Amino acid sequence: MKLVPLGDRVVLKQLEAEEMTQSGIVLPGQSKEKPQQAEVIAVGPGGVVDGKEVKMEVKTGDQVIYSKYAGNEVKLGEEEYIIVRQNDILAIVNN
């Protein structure tokens, strides 16, 4: 199965939280928060959404930071995804 987003929606796969800080401190389980960084898995076509022209700025494979309370979580098979609107994506991470 494959998720195909509609309109200005984007399918994200959340990146794993690091268990150790850059300085080498190991984080206990309860102190870890879900990261707001994810990889773009699929991108909708954009077009006219709610009467406004929407140009899709992200592409498949981009790493992005998204709004903390954005989107809907979806489980497809064993994988978990988040479907958000493009305007819930705050930034693209460039390495």
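**View 1. The largest nonpolar core has 14 residues.** Those with the most contacts inside this core are V10, L12, V40, V58, V64, V84 and I89. At least two core residues come from each of β1 (9-14), β2 (37-43), β5 (63-66) and β7 (79-85). A nonpolar core is a set of buried Ala, Val, Leu, Ile, Met, Phe, Trp, Tyr and Cys residues joined through side-chain atoms within 4.5 Å. Buried means under 20% relative accessible area, exposed over 50%, and partly exposed in between (1.4 Å probe, protein chains only). In soluble globular proteins, nonpolar side chains tend to be buried together.

This is a predicted model: local features need pLDDT of at least 70, side-chain atom pairs count only at pLDDT 80 or more, and totals for chains, interfaces and linings use all residues. Residues are numbered from 1 along each chain as its sequence is written, and side-chain values use heavy atoms, with hydrogens and water left out.

**View 2. The protein has eight strands and zero helices.** From the N terminus, the elements run β-β-β-β-β-β-β-β. Strands (E, at least two residues) and helices (H or I, at least four) are DSSP runs, numbered from the N terminus. Of the 95 residues, 24% count as buried. Among contacts with a separation of 6 or more, 64% join residues 24 or more positions apart. Contact means heavy atoms within 4.5 Å.

**View 3. V40 and its surroundings.** Residues up to four places away in sequence are not counted here.

**View 4. D8 lies in the segment before β1.** D8 has a relative accessible area of 6%, so this residue counts as buried. The D8 side chain makes a polar contact with the side chain of R85 (2.9 Å). A polar contact is a pair of N or O atoms within 3.5 Å; within protein, one must be able to donate a hydrogen and the other to accept it, and residues adjacent in sequence count only if both atoms are side-chain atoms. Beyond four places in sequence, D8 touches V49, V54, M56, V84, R85 and Q86.

**View 5. I89 is found in strand β8 (residues 89-93).** I89 is buried, at 13% relative accessible area. Leaving aside neighbours within four places in sequence, I89 contacts V10, V58, V64, I65, Y66 and V84. I89 and E57 are 32 residues apart in sequence and 9.9 Å apart in space, C-alpha to C-alpha.
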